[in-house]
Structure formats: structure tokens, C-alpha cells
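Colleague: I'm new to this one. Could you walk me through how to read it, a feature at a time?

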Amino acid sequence: MLSSLLIEKNKERMGNIFREHIIILILFLPFLNAGCAKRDIFTQDNWIDLSYDFSEETIFWPTSPSFHKESLFEGQTEKGYYYSAYKFCAAEHGGTHIDAPVHFYEGGNTVDKISVKQLIGHAVVIDISQKTIADPDYQITKEDFLSWENKFGRISDGSIVLLKTGYGKYWPDRKKYMGTDKLGEEAVKELHFPGLHPDGAKWLVENRNIKAIGLDTPSIDYGQSTYFQSHVTLFKANIPAFENVANLDKLPPKGAIVFALPMKTKGGSGGPLRIIAHY
Ligand SMILES: [Zn+2]
């Protein structure tokens, strides 16, 4: 009698211990998963560099000074070790770069004032590369955004919208990429490349809650723009733009995460941008 009572008690105790372990496992499972997922991200290959390198060949706006690098020292020192250091100068708006809102809107954020949170987000990649084949002056409209949403769902709050015009494949051929390889004021009216239509910019700002926008051309407004109204509309809403973004053809329409971290120039209207994505 006593022994069967002890067996029952033991069973009950074992049952309790088992239940406690299951509960602990269930409670901590999400954290274990999150830990694994984080480690996985850094060992996976699906990281995409969306930045071009900076060199004398890098494309800048035809009226801007381009990238220039000079050696301060390069070679063996007297003490026997190798040493190299360079200095560079460049306009803010060339190569893969950010336009801070102050670029076209007085009082808008300077590059150092844009929060890190605004520069990291889920990518929405709008592919209009078929339309730009026939029309290098194509401007992305509200309809392009709506047709993307028809297939992939509403552009969610906090998205970073990337416009894939297909012009990335022309980099660094100035003539194909911008419509002209001339420099200076004369070149500006010969610029031809796609961009965001001012009505498209207005629709995005008024109807969707995006963090930033970017594209694979030299400017968010198309090449023939003279009033740069898409810049103005976006920047008035403190939405920065990334220009000359590389490798957009390697990103899926949705599901990628973007990290776009520019050089933090105090009071800057833009600057070199290292933009990467993971999908
Ligand atoms: Zn710019």
C-alpha cells in the first residue's frame, strides 16, 4: 500500500518536472530561434552591395566636380613597414549617394540629422525596366505603384522604395547612363534618363508612409526635369533619396532589408552612401 502510494507520488513529481521543462522550453524557443536566425544572416551569401566604388571614372552630375584621390604617402617607410594614406575630394552628389532633404528644401534635414532608423527598412522594388526600353524619359507614376501593390500587397509603413529603371546596366558609360557624355552647363539639357514623376512623388508622400526612396539613375527627377519637383515634394516631407544605386536587378520585389548609411557630414546636403541589402 505504502509502496504503491510512493510510486504514485513519484509519478506525480516526475510529471510536474516534465511539465516545468516543457513550459521553459516553450518560453525560450522563440529566443533560441532568434539567436540562430541572427547568426545565419551573417554567414549567408545573400547580401547585396548596392553601391558603386568611387574613382576618377565615377559618374557625377555634369556641372559638379568629380572624385579626385591623391596620395599622401605610399610605400615602405624608413622604419621598415608599409604605409599608405590618401586624401580625396568630391562633390556631395555623385556616385552612389544620398540626397538629404535640405538639398531641395530649406529647413529640411541635413545628412547628419537623418536618423539611423530612417535609413534602415524593408525594401519595395518597383520594376519599370520594360517601360524605359522604349522611353528613356519615362517617369514613374502612381499607376506603377498601384500595379506593384496589386501583385505584392500594399507598400507597408516604413518601407524603403527602390525604383528599378534598368539603367544600372549602363553604368559607368556616361552616354548610355545619362544620355550625354558632355560636361558643364551645356550637357544639362541633353540629359535623358528615367525618374519619378512629380505626381508619383506627391501620391507616395500623401498616401503611403515610406522612410526613403532610391533609384538606379543619377537623379530622382528624370533627366529632362528643370524644376525638380519630385525632389521638392519628397524633401518637404523629409524623405531622403538615394541616387545611382547599384545592383537593383539582384533584389526581389519584396522581402529584402536595406541598410543605407551615408558619410555623416555635419550640415551636408548629401554625400557618399554605402547601401547594402539582405534578402
Ligand atoms: Zn543628389
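This is a predicted model: local features need pLDDT of at least 70, side-chain atom pairs count only at pLDDT 80 or more; totals for chains, interfaces and linings use all residues.

Colleague: Now the metal. Which residues are the protein donors of the zinc ion?

Modeller: For a metal site, start with the donor atoms. Here they come from His93 (ND1), His97 (NE2), Asp99 (OD) and Glu243 (OE), and they lie 1.8 to 2.4 Å from the zinc ion. Then look at the spacing along the sequence, which reads H-x3-H-x1-D-x143-E.

Colleague: Why is the arrangement of the four donor atoms irregular?

Modeller: You go by the angles. Four donors count as tetrahedral if all angles lie between 85 and 135 degrees. Around this zinc ion the angles run from 75 to 165°, so the arrangement is irregular.

Colleague: Are His93 and Asp99 buried or exposed?

Modeller: The cut-off for buried is under 20% relative accessible area. His93 is at 14%, so it counts as buried. Asp99 is buried too, with a relative accessible area of 0%.

Colleague: How do I read a helix, then?

Modeller: Begin with the general idea: an α-helix has 3.6 residues a turn, so residues three or four places apart point the same way. Now try helix α6, residues 198-207, where Gly200, Ala201, Trp203 and Leu204 are buried. Seen down the axis of α6, these buried residues fall within an arc of 160°, so they line one face of the helix.

Colleague: Which exposed residues does the face turned away from the buried side of α6 carry?

Modeller: That face carries Asp199 and Glu206. Glu206 has a relative accessible area of 56%, so it counts as exposed. The C-alpha atoms of Glu206 and Thr233 are separated by 10.0 Å, and these two residues are 27 apart along the chain.

Colleague: Last topic, the rings. How many aromatic pairs are there?

Modeller: The count comes to 12 aromatic pairs. For each pair, check the distance between centres and the angle between planes. Trp47 and Phe259 have ring centres 6.0 Å apart and planes at 40°, so this pair is tilted. Trp47 lies in strand β1 (residues 47-49) and Phe259 in strand β11 (residues 254-262), so the pair ties together parts that are 212 residues apart in sequence. Trp47 is partly exposed at 28% relative accessibility, and Phe259 is partly exposed at 25%.

Colleague: Where do Phe104 and Phe235 lie?

Modeller: Their rings form a tilted pair, 6.4 Å centre to centre with 50° between the planes. Phe104 lies in the loop between β4 (97-99) and β5 (120-127), and Phe235 in helix α7, so the pair ties together parts 131 residues apart in sequence. Phe104 is partly exposed, at 29% relative accessible area, whereas Phe235 is buried, at 0%.

Colleague: Which residues do ring pairs link into a cluster?

Modeller: Those are Tyr52, Trp171 and Tyr177.

Terms used
Residues are numbered from 1 along each chain as its sequence is written. Side-chain values use heavy atoms; hydrogens and water are left out. Donors are N, O and S atoms within 2.8 Å of the metal (3.2 Å for Na, K and Ca); water is not among the atoms, so sites may look incomplete. Four donors count as tetrahedral if all angles lie between 85 and 135 degrees; four count as square planar and six as octahedral if opposite donors are over 155 degrees apart and all others between 65 and 115; anything else is irregular. Buried means under 20% relative accessible area, exposed over 50%, partly exposed in between (1.4 Å probe, protein chains only). Helices (H or I, at least four residues) and strands (E, at least two) are DSSP runs, numbered from the N terminus. The arc is that of the directions from the helix axis to the C-beta atoms. Rings of Phe, Tyr and Trp (its six-membered ring) pair if their centres lie within 6.5 Å; planes under 30 degrees apart count as stacked, over 60 as edge-to-face and the rest as tilted.
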